[in-house]
Amino acid sequence: MSNSRSYDGDGTTEDRLTDLVVLSCERRGSKLNVTEYLDLATGEVLNTEEARSRGVTSIRPDAMVRRERKLETLRVEPKRFAQFLLRFRDQRCGFLVGVDTLVKWYSRLTGMASKNIRRYFDALTKAGILDHDHVLDRDFMVRNPNAGKVEARGATFKASCMFSLMLLGSEQTAHF
């Protein structure tokens, strides 16, 4: 529900996502606006102003929540690899470069053998991040209907620049 956290009277944090749910919405043009929330803890119905006063700043879409839950099911190292892969998504429901290239780059970045990195694909598929090893799950796809040939032509260059910056950052931190 909210990216921010608020504080209870006893000083502990509580996540507004678990406390409030959307009760009703209205459509204004192409935009959907929430008009009422339901506080699950108290059963109270809140309007938008009351919800904002409690710390709700935005509504997180269901797909975002599903993505977070899928990533949370992974162990540490497969999760890092998944986060690495997701940085290289294009706007046409795939990756900027091939998965084999991404495995080689991750190997170079971490110092792990490529064959050991490829073992993470089973975990990513079971978690619902990838379908059939090399295709993103629907929740993780980024689709821009306006993306065309120009974006596709620059994809490899963009990916290599992103990787070069990652590699440069890891080399700089390794020297300290």
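Analyst: Happy to! Contact here means heavy atoms within 4.5 Å. In that sense Lys70 touches Ala127, Gly128, Ile129, Asp137, Asp139 and Phe140, leaving out residues up to four places away in sequence. Please keep in mind that this is a predicted model.

User: Where is Lys70 found, and why does Lys70 count as buried or exposed?

Analyst: Lys70 is found in helix 3, residues 62-72. Buried means under 20% relative accessible area, and Lys70 has 18% relative accessibility, so Lys70 counts as buried.

User: What makes the link between the side chains of Lys70 and Asp137 a polar contact?

Analyst: The cut-off for a pair of N or O atoms is 3.5 Å, and one must be able to donate a hydrogen while the other accepts it. The side chains of Lys70 and Asp137 are joined at 2.8 Å, so the pair qualifies as a polar contact.

User: How do you know whether Asp90 is buried or exposed?

Analyst: The same cut-off of 20% applies. Asp90 has 15% relative accessibility and therefore counts as buried. Asp90 sits in the loop between helix 4 (76-87) and helix 5 (99-110). A polar atom of the Asp90 side chain lies 2.7 Å from the backbone nitrogen of Gly94. Asp90 also touches Phe95, Leu96 and Val142, not counting residues up to four places away in sequence.

User: Why is helix 4 called roughly perpendicular to helix 7?

Analyst: Two packed helices are described by the angle and the distance between their axes. For helix 4 and helix 7, the axes come within 10 Å and cross at roughly 80°. Angles of 65 to 115 degrees count as roughly perpendicular, so helix 4 is roughly perpendicular to helix 7. Helix 4 makes the contact through Glu77, Pro78, Phe81, Ala82 and Leu85, and helix 7 through Tyr120, Phe121, Ala123 and Leu124.

User: How many aromatic pairs does the structure hold, and what makes the pair of Phe84 and Phe88 tilted?

Analyst: There are seven aromatic pairs. Phe84 and Phe88 lie 5.0 Å centre to centre, with 55° between the planes.

User: Which residues have the most contacts inside the largest nonpolar core?

Analyst: Those are Phe81, Phe88 and Ile129, in a core of 30 residues. The elements giving two or more residues to this core are helix 4, helix 5, helix 7 (120-127) and helix 9 (155-174).

Methods. Residues numbered from 1 in each chain as written. Predicted model: local features only at pLDDT ≥ 70, side-chain atom pairs only at ≥ 80, totals over all residues. Heavy atoms only, no water. Phe/Tyr/Trp six-rings, centres within 6.5 Å; stacked < 30°, edge-to-face > 60°. Helix = DSSP H or I, 4+ residues; strand = E, 2+ residues; numbered from the N terminus. Buried < 20%, exposed > 50% of the residue type's maximum accessible area, 1.4 Å probe, protein only. Core = buried A, V, L, I, M, F, W, Y, C linked by side-chain atoms within 4.5 Å. Axes fitted to C-alpha atoms, helices over the stretch in contact; angles between N-to-C directions. Parallel < 35°, antiparallel > 145°, perpendicular 65-115°, else oblique.
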